[in-house]
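Trainee: Please show me how to read the features of a structure that I have not seen before.

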Amino acid sequence: MQLPPSSCILDLMPLTLRVPRAATAADAEITSLAALLQNKRVVQALAALEQLSSWTTDQQILLTEIPAPTFQETARGEAVRKLFAAAGLRTRTDSAGNVIGERPGTSRKDVILISAHLDTVFPAGTCVKVQRDGRRLTAPGISDNGTGLAALVCLARALHVTKLRTHHTLLFAANPCEEGEGNLRGMRKLVETFRGRLRAVIAVDGAATDHITTMALASRRLEISLSGPGGHSWADFGMPNPVHALARGINIFLATSVPESPRTTFNVGVIQAGTSVNTIGNLAVVKVDMRSESGDELTRIAHALLAAIDQGVIAEMAAAAALGHSSDPRIEIRFRSIGDRPGGELAADSPLLQAVLQADRHLNNQSRFERSSTDANIPLSLGIPAIAVGGGGRSGGAHSLGEWYDPSGRELGVKRILLTALAVAGVEP
Ligand SMILES: [Zn+2]
């Protein structure tokens with residue numbers, strides 16, 4: 001969208017932030033832990049998760065070593081699809097690139113979605129070879145989200161070998177576009193496809209089992225581009241310079257105050273500008289990430305950013321006029337949303353929450369509720385019960401080249417997901 005040469009960009013900006021709503025409780029109770037453990041196939045499946053431990057680690061390494069930058073997840077997705085098919089799932093890949101493995105329940109109507117994102121933050125060309133040092137595995141993306149994908153294939157295989165039947169359908173999905181500028185495209189498509197049937201969503205992301213993400217952190221990401229005529233640094237000195245205008249605008253924006261509570265943050269993440277040191281560039285681009293626990297604060301901070309850039313342009317034009325360049329064309333401002341993650345919260349009385357807490361009690365796992373920005377944002381924003389949890393094991397250095405994973409304790413993570421999913425799906429004798 002191109003903007004007219006005036007300072008009315010705020011009026012034009014469609015800041016349509018959805019008000020977070022509490023996810024409503026589903027109509028049915030969960031299956032109690034006692035009832036689950038009375039089913040011999042459930043007990044067998046829990047044992048199978050332990051037996052599959054080293055096989056699961058092998059699959060995690062295999063998948064991690066297939067590069068999967070956001071928007072380039074096809075090859076890794078195909079490898080997951082083969083593993084899903086080998087675990088007896090009915091597989092397909094949708095138009096967004098979601099790899100879906102269906103395990104029909106005795107009642108086909110409702111589905112429980114267990115997802116893990118395929119993509120990593122690392123650009124194409126990054127070395128993703130896994131280095132082993134004892135139990136410690138090091139590679140970009142090994143845990144985020146190698147752990148989540150490994151958990152999915154491990155769970156599918158454990159259910160397959162024990163022939164456990166669930167009441168509701170289980171849907172496993174390896175989805176693209178969770179990271180960076182993917183804007184949760186994969187999860188948006190899954191929710192759109194299964195919307196009327198989704199009983200619960202469990203997004204498996206990373207390793208940690210010490211939290212349950214029940215609150216979705218809302219965020220907005222904007223790209224703002226400033227363009228001008230461009231010229232020579234000496235001969236055209238004083239000409240409106242998009243780089244100078246952007247610098248002025250960012251400087252104004254950085255003075256914006258944000259409350260500690262509701263916690264609100266901003267980050268000028270990327271600046272791309274100019275062509276050479278002795279050129280007045282014709283383009284300057286900035287990408288800004290803004291997050292808040294409050295939708296109102298997020299709206300306020302996004303408006304503050306646009307107003308600040310606008311003021312930066314006005315100041316640059318005034319400086320140019322003072323140097324005799326009053327007839328030069330005005331710097332043009334364009335903006336583009338490159339991310340809009342809606343917020344939401346899981347209801348305290350949600351069966352899904354009761355199910356994961358019941359699993360934690362049984363497994364003696366201490367966990368806390370957390371607010372975060374994950375694939376669970378999309379279902380939570382629509383009132384569909386959803387959580388994000390880790391796949392188990394230990395990890396560190398997420399999003400860095402030194403990212404590592406140690407599978408010690410993985411069993412806790414996968415058992416926790418299994419017991420949670422089965423409690424909401426119901427099991428057949
Ligand atoms: Zn992740």
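Mentor: Two residues are in contact if their C-beta atoms, placed from the backbone, lie within 7 Å. This is a predicted model, in which local features need pLDDT of at least 70, side-chain atom pairs count only at pLDDT 80 or more, and totals for chains, interfaces and linings use all residues. Residues are numbered from 1 along each chain as its sequence is written.

Trainee: Is I417 buried or exposed?

Mentor: A residue is buried if 20 or more other C-beta atoms lie within 10 Å of its own, exposed if 12 or fewer, and partly exposed in between. I417 counts as buried because it has 27 C-beta neighbours inside 10 Å. As for V389, its C-alpha atom is separated from that of I417 by 8.1 Å, although the two residues are 28 apart along the chain.

Trainee: Into which domains is the chain divided?

Mentor: Domain bounds come from an automatic or database domain assignment. Here they give domain 1 (22–217 + 343–425) and domain 2 (219–341). The C-alpha centres of domain 1 and domain 2 lie 39 Å apart.

Trainee: How many residues of domain 1 are in contact with domain 2?

Mentor: Eight residues of domain 1 are in contact with eight residues of domain 2.
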